[in-house]
Amino acid sequence: MNTSVRSNERVLRAAVGWGAAALLLLVWQLATARSESLFFPTPLQIFDDLRERWFSDGLSGGIVTDAFFVDITPSLERLLIGLLIAWSIGITLGVLLGRIPVVAHLVEPILHFMRALPGPVLLPLALVLVGTGTTMRVSLIAFGAVWPILFNTYSAVRRVPEGYVETARVARVSWVRVLFQVILPSASTGIFAGIRISTSLGIILLIASELVAASDGIGFGLTQAQRSFQFLPMWSFIVALSLLGYLSNLVLTGIEAGVLRWHRLQMSVQD
Amino acid sequence: MDSRQPVALTATETVSVTPHAADGNTRPPGRVLRSDRIIERSIIAARGVAGVLGFLALWEVVARYDLLPRDVLPAASTTLASSAALLGDPAFLGQIGATLWAAFVGFALAVVIAVPAGLVLGLSDRLHAATATVVELLRPLPPVGLVPLLVLVAGQGLEMKAVVVALGCVWPLLVNTIHGVHSTDGTAWATARSFGWSQRTVALRVVWPSAVPSVLTGVRITASVALILCVGAEFIGGSRDGLGSWLLQQSMLPGGIDTVCAGVVIAGALGLLVNAAVTALERRFAGWAHREDS
Amino acid sequence: GDDAPASAGGPTKVTLSIPPVGDSLPVYDAIAKGYFAAEGLEVELRPAANGATTINALVSGSTDLALVSYPSLITARSSGIPVTIAAPAIAGTEEYASGLYVLADSDIKEPADMVGKKMATPSLGSVGDVWFRGELLQQGLDPASVTYVEIPQANMAAALKAGDVDGIFQTEPTLSATQATLDIRLVGYQKGPQGLFATSAKFLEDQPGAVAAFRAALAKAVADIEADPRGVATAMMPKYTKMTAEVAAKMRLPQYQVDYDAAGVQSVIDLMVKVGLLKTSFKATDLYQDVK
Amino acid sequence: MSHALLEVEDLRHTYRTRQGDQTVLDGINFEVRRGEFASIVGPSGCGKTTLLRTLSGLLRPTHGTIALSGEVITGVPRGLAMVFQDYRASLFPWRRVGANVEFPLLGRVAKAERRSRTAESLAAVGLADAADKYPWQLSGGMQQRVAIARALAMRPELLLMDEPFASVDAQTRSDLEDLLLRVREQFDVTILFVTHDVDESVYLSTRVLSLSKAPTVMTADVPVPLDFPRDQIRTRKNPSFVETRSEVARLIREASPGGLSTAETSH
Amino acid sequence: MSHALLEVEDLRHTYRTRQGDQTVLDGINFEVRRGEFASIVGPSGCGKTTLLRTLSGLLRPTHGTIALSGEVITGVPRGLAMVFQDYRASLFPWRRVGANVEFPLLGRVAKAERRSRTAESLAAVGLADAADKYPWQLSGGMQQRVAIARALAMRPELLLMDEPFASVDAQTRSDLEDLLLRVREQFDVTILFVTHDVDESVYLSTRVLSLSKAPTVMTADVPVPLDFPRDQIRTRKNPSFVETRSEVARLIREASPGGLSTAETSH
Ligand SMILES: Nc1ncnc2c1ncn2[C@@H]1O[C@H](COP(=O)(O)OP(=O)(O)OP(=O)(O)O)[C@@H](O)[C@H]1O
Ligand SMILES: Nc1ncnc2c1ncn2[C@@H]1O[C@H](COP(=O)(O)OP(=O)(O)OP(=O)(O)O)[C@@H](O)[C@H]1O
Ligand SMILES: [Mg+2]
Ligand SMILES: [Mg+2]
């Protein structure tokens, strides 16, 4: 396995991918530049606005503007806390369900039902039950994002070969180590898949939760721009969302690549 | 068994042939009878019912005795009664019909776009590399955040809802289809080629069937997402009809929380139904891929 | 129907987006009594979302007419969105009193006491918001010294009770419900034009007849209501919304406008400029056009 | 019939990988005549699978020609069938056993004919009853029999088999060996059989071809002086068997010095 | 040392399933003394795995006692290691070979000691170089050697092995057999070895225990009168080997009449 050749190829693929993306941007630019539509500014205008809005403070000013701390940071914070809650609950519950069939039988129908509840619509309920503060937003995000991680963990844990567990038991390994060194690593691919899905769901719910009773955040900014018919900022917020999703995915991919290195290698051997 | 017995390379006499499948399946070989499976299923079902009842009881108690910090949660009994009443209301059923239809249209749109695209991208490495970045940039866009913009372009009707649903469903379907194509076994591919089949025939007869389970998994995941997105779009975009806009109006009414709760319960039940339907579909068309489970 | 052209024989179909509240009473009355039909209109009702989304729907042509607030329309117009007034709708009165409420035992006696506190508003830049900021300005206070939180009307009572906010800007019909469960006190209210039926410039241009017919039908309904507000309300609200007859009977009604109150609207515009919600002022008369 | 069924001339293959080129086949020449059962033995990694993939047209060799019935092949030739080592992945799990056997005939052979060929092939491998099962409902040995039945249903002139019995247990393996010899008689098919089990190669074939380590050349072509039908116990006790076996084993050992245990890595 | 290393007394096990109860072990008695290599043979499904699972403490028997060094076991006892049949499901794919071998020692044995034991065990199975590879980068035989190394690193008094070589090919199998005999000497470990291959049992052991069909009892306890070291060719030619082998085969055949090949269907 010659890693330098591999990384060369990766660079090439990325270059082709970004080339295509740039091409698409160009098409977008040309199409919008000619239309003069109020609703569809050109990508150049959008990026200008984006930079102006959030990244114009220069190196001395710490690059990001004050608006960044109003529009972006609160959302990041809510998203992160919500996701962390969702992940901890989801993984814990998933392992419980996967290892104790009776628990699974008891709560599975209800969990499936709760999973099917449409997140944005829970907003009025959440407002009533949890109030209008950050708690409401974080719990909405956590509630929406917990399902994929829970169910992925559950099915991954169920699929952990019994041989692994028995091997550990014969070695008289404590249950804590069985959990952390056998069950969780063995289920880690499934868990990571769940983490990815839950992140994109979390972003959807973040936006939904910031639609009401908020005074900052991307969702709030988006609605305000939309309410005041400021289409350029509105697009900036949309692009910011896309970038947020892209970057969070990048981060997760990075972590996953580290943690699941063995799995990626194993897959490449079996190909 | 004399001295001319060849060395270990020959077949040594075995006591018996064990049905050890070479795939490491170490399940006891005992046959499971149909009636036993029924018994087992009913035990599981009974536990499920017990769980649901326990949950409802907990809800009832919490609501009755105001155990939550805010004393606004309607009781389980009240909510279920209003849900039942709603289900008897033809106007409300009409709203549900509208939601289901829009979710279906958007979902179908996503399938029609994503599955063929996934097949092509799965088969062509170059196209895959070329589109990867664009996909990665577009994928995280939360469709619900685009609703205001879409209302401007597509109004508040079926078109808008369908576009929101399709936008949300197209990516998981695409990813699952590509994954399905990639998971076609190399030997299966070589076997089909050894039949003297063209690339196209192989794609049609081997790659596609191999991809079906993964595609159907994508369908199962996205079907419930479709419903959630549709209701969300109606709720945020104030659509002309549908469960979401109905909930929106209820939530604006004083004391509407009871009906909102009832509507949410129905929305959840609807999601369960859709999921059950798609799971049945999956068992029917990709049962072979889930052989370990059955 | 979206953009259904007026066919020679049949009635003109228009879609109308309204919230299921007392503001929409003339519409319900006009439908029930056949005033629209008499004017050759067939009105299809549609639930309303927030003001901006509704205005977007007007522009996209998916809705022809919609009940929105003046600040929504004014903001849209100043951003160059081609929307205009189809007909005036409502104005605030002492009795209607859509305004700032606090808990009965609160220290807050007048809007100025809100400085440093939290106020719930149904949406930023809405009628109540504009009015409230104007009040502060008048007393030489900085409108930004109050924290504004967007909370749906239905959730305001709970937020006020829980102490999440110190004051709420409430309107009917939620107000009555809030008063039924919570001891609240009026601090100040907004007078003058509040809501209107908006339409797109394109619709007004293409179908001036339909707009004229719409105004005429509404005028008849408003006359009915002025003659017997309680009667109309108890008859119509339960029929078209989930409201019970008892609630409808007690419901407070706004002043329904038939004639365009250009001066009142101009003062809204000026106020919005003053509080910084609008960059440049324009003439209220630009918003309204007479049609045949 | 002036031509042998299969003629291989100066076949060379070099894998071009990122780690550099690796020459696997370095000039292979041989012929297989109609009716023969030729086994190819050679150390692991010497290129047996590569050879079979070039013969079946799945892989284009870097150099050299392959002719089937006198015609140089370019793609996958007609009249050829292949049985892979990995039975689990070579049967299609979404088709029942009968449908799997029928699969290569689709669009080529009329339905009635397909049905009868399928039934006949399945009967030949003793699986007439299993047509309606799914492959994964069968044991490994049975699955490999299905793969053989599928190959037979194609009525190939030449049947290529790549270590077909490597992943079944010893008892099943000897059952399958005898089955293969039986169907060979019944269907009158020419077989090229890759294995790395010397005993197996001698037991089954009329001729054993042995390969060196990579870069691979042919090191021997040993005829097997044993009559058919063969018998697991009697044939293996036969002095000719023992002698041929030792001969082939010696040839292989010479071609690839050193034990197996250090060479086996991966998959 | 008045006690045998392992004493099994009237061991019975009944699986309670929904289809009714199935008695698998029906009163098993035996002892294994320190230093012995005892093989257990018996027909498929007779309960060999069940027996090993009770001995290892993974399964609590319905009745009877098991004592290790005179102490009746309740859970998984100390001083015991087990090698499973399916090496793929017993090595952790996310740990490198060295880390796999080290795994049972974590938290019990100091780091330096762990390192040295791991190195020693891997060297003993001829895989000193493979410590930094992942298990799936190795061949099946090598993986099974890793599993053996892991068991050895635990320095068990008693090593239980459940058909450990059933899923590797014949050549590798005989290599592994010899390896096992070597490490047994080196580490001076007592081994209880389950197989259904009679030749293997005789070749490896000092003693062969044979089981009947279920409900299972012990039908024979045959000492193997062969010296160590053993040799794949010479030992198997030895008349004592041939005789013991026939004896055991006869005992088994008597215990379980009936053929095989029809029995194979699966899952
Ligand atoms: N697609 C490929 N790309 C690069 N190298 C390959 C490829 N396929 C095989 N090789 C290499 O070519 C050599 C011969 O492989 P091949 O599979 O033909 O051997 P084999 O004789 O069939 O071995 P075995 O007995 O293990 O099946 C090996 O060293 C292998 O690593
Ligand atoms: N967990 C279980 N529950 C119920 N029955 C079981 C269970 N495990 C094994 N059995 C049954 O007990 C019997 C003995 O099984 P066991 O696996 O011990 O046999 P074995 O001798 O190891 O067979 P093999 O040689 O095939 O490995 C079988 O009939 C099997 O069906
Ligand atoms: Mg090979
Ligand atoms: Mg067993």
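Modeller: B:Trp197 has a relative accessible area of 4%, so B:Trp197 is buried (under 20% relative accessible area, with exposed over 50% and partly exposed in between, for a 1.4 Å probe and protein chains only). This is a predicted model, in which local features need pLDDT of at least 70 and side-chain atom pairs count only at pLDDT 80 or more, while totals for chains, interfaces and linings use all residues. Residues are numbered from 1 along each chain as its sequence is written, chains are lettered from A and ligands numbered from 1 in the order in which they are written, and side-chain values use heavy atoms, with hydrogens and water left out.

D:Phe103 is buried as well, at 2% relative accessibility. The structure holds 34 aromatic pairs over all chains; rings of Phe, Tyr and Trp (its six-membered ring) pair if their centres lie within 6.5 Å, and planes under 30 degrees apart count as stacked, over 60 as edge-to-face and the rest as tilted. The ring centres of B:Trp197 and D:Phe103 are 4.8 Å apart and the planes stand at 85°, so this pair is edge-to-face. It crosses between chains: B:Trp197 is in the loop between α7 (186-194) and α8 (199-237) of chain B, and D:Phe103 is in the loop between α3 (97-102) and α4 (111-124) of chain D. Helices here are DSSP runs (H or I, at least four residues), as are strands (E, at least two), numbered from the N terminus. Ring pairs also link B:Trp197 and D:Phe103 with B:Phe195, D:Phe92 and D:Trp94 into a cluster.
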